[in-house]
Amino acid sequence: LAIMTSTGISLSLRALVALALAAAFPTHVDGTETSSSSSEKAILFRGSLVDDRGLPVDGAAVQFWQTDPTGRYDHPASLADRGGSLDPTFQYFGTDRTDADGVFSFRTYKPGVYPSRPPHVHFKVWVDGEDVLTSQLYFEGESTQPAMLTLTLEEAVDWDGTSPAWNTSKTIAINRGGGGGRPLTPSQTEGPYYPVVDFFEYDNNIADSGDVMDASEVGGGLDSGAGAGAGEETSGSAVGKDKGGGMGTGDDPSTDGAVDTKTASGGLGKGSVMIPLLVVPLLFL
């Protein structure tokens, strides 16, 4: 049995079945089946932003963006390079604002690898609407990057108070012209996959594309008043913050007129799971 496509190409029913299954269950470049983010342990990140004198920086916007656990960014170029689908349960990027102690936080999953790159998280720091630092964070034992850009994961409990998770922390130091001698966080390239959407209003729960979970509601959060002193790394569980705490759209001059690919690029829809259920029996024809 063969079917003629609209372009005049004749495909066997078995080939059509294979194409449908490939679309429903994308694979890694090495041929292994991708996994949902929900099967991963969440990473609870707590950061501290300080200036060159070691003083906390209040009101800065910190942005994270990264791949999902399968190594895909929510970016048209990444999807063109890797193929497959986005994970609809994963947010891919988010923003948090520092408090009076310079503390900010994120909940995410460990990024997946893609060719030639170890797992890493991109970040930007914005102060008074100005991009003052762009860099990347890596994971201990998986790169040769300096300690100031390397995260150590420790066993922890997620915001729900029961699920296993990872804890990690990092102090980020930026030059504010204060004449201080504190070592500054090294800058690194933005890379080609900076989100094409304005995500200053996205929340800090990158692991969940739905509503942000407030850690204070489940007793797993860290008091935001416990900021780190100059030169100290922060520790303890990350604290959730409500969506909408970021900069206004007009504060970022680079994102005017951006199209929101969170809906345009799309992930694997809930109805897509019906494809293999309908076509698997045809494999035996």
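Visitor: Which side chain does Lys124 join in a polar contact of 2.7 Å?

Guide: This is a predicted model, where local features need pLDDT of at least 70, side-chain atom pairs count only at pLDDT 80 or more, and totals for chains, interfaces and linings use all residues. Residues are numbered from 1 along each chain as its sequence is written, and side-chain values use heavy atoms, with hydrogens and water left out. A polar contact is a pair of N or O atoms within 3.5 Å; within protein, one must be able to donate a hydrogen and the other to accept it, and residues adjacent in sequence count only if both atoms are side-chain atoms. At 2.7 Å, the partner of Lys124 is Asp131.

Visitor: Is Lys124 buried or exposed?

Guide: Buried means under 20% relative accessible area, exposed over 50%, partly exposed in between (1.4 Å probe, protein chains only). Lys124 lies in strand E7; strands are DSSP runs of at least two residues, helices (H or I) of at least four, numbered from the N terminus. Its side chain also has a polar contact of 2.8 Å with that of Thr134. Lys124 has 3% relative accessibility, so the residue counts as buried.

Visitor: How far from Asp198 is the nearest side chain of opposite charge?

Guide: Asp198 is in the loop between strand E11 (164–173) and helix H3 (261–264). Lys and Arg count as positive, Asp and Glu as negative; His and the chain ends are not counted. A salt bridge needs a side-chain nitrogen of Lys or Arg within 4 Å of a carboxyl oxygen of Asp or Glu. Asp198 is buried and has none, with Arg97 as that nearest side chain, at 10 Å.

Visitor: Which backbone nitrogen lies 3.2 Å from a polar atom of the Asp198 side chain?

Guide: Asp198 has no salt bridge. The backbone nitrogen at 3.2 Å belongs to Phe200.

Visitor: Why is the pair of Tyr114 and Tyr193 edge-to-face?

Guide: Rings of Phe, Tyr and Trp (its six-membered ring) pair if their centres lie within 6.5 Å; planes under 30 degrees apart count as stacked, over 60 as edge-to-face and the rest as tilted. The centres of Tyr114 and Tyr193 are 6.4 Å apart, and the pair is edge-to-face because the planes stand at 80°.

Visitor: Which ring lies under Arg107?

Guide: A charge sits over a ring if NZ of Lys or CZ of Arg is within 6 Å of the ring centre and within 35 degrees of the ring normal. At 5.8 Å from the ring centre, Arg107 lies over the face of Trp159.
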